[in-house]
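Here is a short report for a reader new to this structure. Take a look at the model, then read on.

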Amino acid sequence: MAAPIVSFSRNAAFIRGCSQLCRRTKRPLSRTACFSKCSKSLSTSVPVRHDYDLVVIGGGSGGLACSKEAAQLGARVLVLDYVDPSPRGSRWGLGGCCVNVGCIPKKLMHHAALLGHAIHDAKKYGWNVHVDPTIDWSTLTTVVQQHVKSLNWGHRVQLKDKQVDYQNAKGSLVDAHTVRMLSASGQETTVTGNNIVLAVGGRPKYPDIPGAMEYAITSDDLFMLDRPPGKTLVIGASYVSLECAGFLTGLGFPTTVMIRSLPLRGFDRQMADLVTDHMEGSGTRFLRQHVPMAIDKMDNGQLQVVWRDGNGQQGGDTFDTVMMAVGRFANTGTLGLDTVGVEWYSESGKVIGQVENPEQSSVPNIYAIGDILHGRPELTPVAIKAGRLLAHRLFAGTHEHMDYDKVPTTVFTPLEYGSVGLSEEAALERFGSENVEVYHAFYKPLEFYIPERDASQCYVKAVCKLDGDQEIVGLHFLGPNAGEVTQGFAVALRSGLTYQQMVSSVGIHPTCAEEVVKMGITKRSGLDPTVTGC
Ligand code: FAD
Ligand code: NDP
């Protein structure tokens, strides 16, 4: 454990006690000189002894970003990370959900599925491919896990390089400045921090039905499953479900998705329906308005699932794998939030941030970032940005806050869906139908022609205010590489992009992205929005 240091209520990072080394300039400075170098005002409060300037609980996207940034700014930082194994026994290393059981393995498996599709296309382009490709699940999981492990290692090296202390221990709050650390071997110690950041992320939920916990897997298990999933049922209908079902279908596993109400709740309805239409056309089976009732294991090892449909009728089928993708809960239950008075919602586990300082909890020196913050998008870049900005506010005296508005995202289904800003429904509700103009186009990517791929769902839509130059309040893109396309337009939208500016831009030909700057048909006109010709 680090030797105790003197810290002050603000800007403690820059002074390791007066007349000592300024950690930013690396020169011996008087306390006043140090503060004036850092353009800070000297805090008048009584110095308090803490082990660290910052203790971060959770070494995932947000926690690692915050701790590394704080250390770069001269703070003495400790980060704790601990992974409880999933009910199926899956466990992983440093880096949190994104690296281990989220974005990274998901995107790699999505890419693997797209490659399979590309091999089919390749034949039409003249490649001599003599066999129908099949996936070797063991090779896929091995290479994916190798990459994940390299990222785990990379994170450890970066923490060391940036002089962030790291403990593989489970943290909980004892008081507003004290954290209990429980190591894997059961050893318990405490450490104190001037500031504490909670960044413990979320874990998958299980529905309360017989057999769910015993027999179902979740996304925490899928990417390291030690056998091919085979015939799979994915329960749930949002990001995790559709992305996983999409690549499982693409990899050749017969896959069914069980939808309780709507696919992709909260997204633009038309786009969400096009996503599932495309998946259905690509071989994913959908059970709509169905809820699971029970799962049981049969003598042959298969899982018998009983469900109820929208008419109240019971039905069922057998599967090799059942995957729950019914949402996530914030991993805050064992943090001791009540002990120290951090306000949170016990049902979701989410911490309630302050209105004027969204990451600050009801205890002023305790902050929450990433997936555990109530009402904020659960996305890696959001957690990272919030963590970095918080470190700057704490240790560099900046005032910039995370802007959670117009955060772009992409759903990595076989046909990717990228969006930024409002859905059409949300815009109509906010501004009224008489004040909204929607431009749209169905298009066919050039690459689809030769292999005769169906492009019925390749679609773009710009939701604009009707007045003036028509500010774009929502942009939606369904097609190949949607993430790459949407990222650039998101920058423009955040800068107040108008429809007039967009269509005055010159396209890049021949691309799918150019369809965005070419959109000229309004929904209001009723004209056919299908793009024809080159
Ligand atoms: P996490 O990254 O989850 O990190 C929290 C860490 O804290 C974990 O390592 C956890 O084990 C640890 N921890 C928990 N409790 C304690 C404790 N008491 N003490 C010490 N350590 C603790 N987002 C995207 O932007 N793009 C995507 O493509 C994408 N794909 C996803 C795919 C899937 C299948 C899933 C499930 C999520 C995906 N996400 C994606 C979401 C993204 O992974 C999360 O938003 C992001 O990881 C949240 O970061 P975080 O720092 O809040 O938490
Ligand atoms: P969500 O909370 O978004 O969706 C949960 C889904 O499960 C909904 O379709 C919901 O249906 C359904 N559901 C809930 N309870 C039940 C039940 N008892 N029986 C049947 N269905 C049920 O969770 P996800 O896990 O999909 O995603 C979590 C977050 O992770 C996302 O919000 C996203 O921010 C992030 N993520 C991001 C990705 C990306 O950036 N590409 C990829 C994956 C995740 P209903 O609508 O009826 O409530």
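Of the 34 residues around ligand 1, those that come nearest are Gly58, Gly60, Gly96, Gly201 and Gly370. Several elements give two or more residues to this shell: helix H2 (61-72), helix H3 (96-101), H4, strand S8 (169-175) and helix H11 (380-395). The model is a predicted one.

Ligand 2 is surrounded by 26 residues. Gly236, Ser238, Tyr239, Gly327 and Glu378 are the closest. Two or more residues of this shell come from each of H8, strand S16 (291-297) and strand S22 (409-411). H8 gives the largest share, four residues. Domains contribute here too: at least three residues come from domain 1 and at least three from domain 3 (212-326).

Now to the domains. The assignment for the protein chain gives domain 1 (5-85 + 165-201 + 329-395), domain 2 (96-144), domain 3 (212-326) and domain 4 (415-522). The C-alpha centres of domain 2 and domain 4 are 28 Å apart.

Next comes a sheet. Five strands form an open sheet in the order S12-S19-S13-S14-S15, and their pairing is parallel. Which strands stand at the edges? They are strand S12 (217-218) and strand S15 (285-287). Each has a single partner strand, so one side of each is left without a neighbour in the sheet.

Strand S13 (residues 232-235) pairs with strand S14 (residues 255-258) in the parallel sense, over four bridges. Leu233 has Thr256 in S14 as its bridge partner. Helix H8 (residues 239-250) packs on the sheet and touches S13, S14 and strand S19 (321-324). The direction of H8 makes about 165 degrees with that of S14. H8 is also the helix that gives four residues to the shell around ligand 2.

A helix pair is worth a look as well. Two packed helices are described by the angle between their axes and the distance between the axes. Helix H4 (residues 103-124) and helix H5 (residues 137-161) pack at about 145 degrees, and their axes are 10 Å apart. The crossing of H4 past H5 is right-handed.

Which residues of H4 and H5 meet? From H4 come Ile104, Pro105, Leu108, Met109 and Ala112. From H5 come Leu140, Val144, His147, Val148 and Leu151. By class, this contact holds nine nonpolar residues, one polar residue and no charged ones. H4 also gives two or more residues to the shell around ligand 1.

Two backbone details remain. Most residues other than glycine have a negative phi, and most peptide bonds are trans. Gln163 is not a glycine, yet its phi is positive, at about 60 degrees. Gln163 sits in the loop between H5 and strand S7 (164-167).

The other detail is a cis peptide bond, which joins His509 and Pro510. Its omega is about -10 degrees. Pro510 belongs to the loop between helix H15 (499-503) and helix H16 (514-518).

Note on methods:
Residues numbered from 1 in each chain as written. Chains lettered and ligands numbered in written order. Predicted model: local features only at pLDDT ≥ 70, side-chain atom pairs only at ≥ 80, totals over all residues. Pairing = 2+ DSSP bridges. Contact = placed C-beta atoms within 7 Å. Axes fitted to C-alpha atoms, helices over the stretch in contact; angles between N-to-C directions. Left-handed = near helix turned anticlockwise from the far one by under 90°. Nonpolar A, V, L, I, M, F, W, Y, C, P; charged D, E, K, R; others polar. Near = placed C-beta within 6 Å. Domains from an automatic or database assignment.
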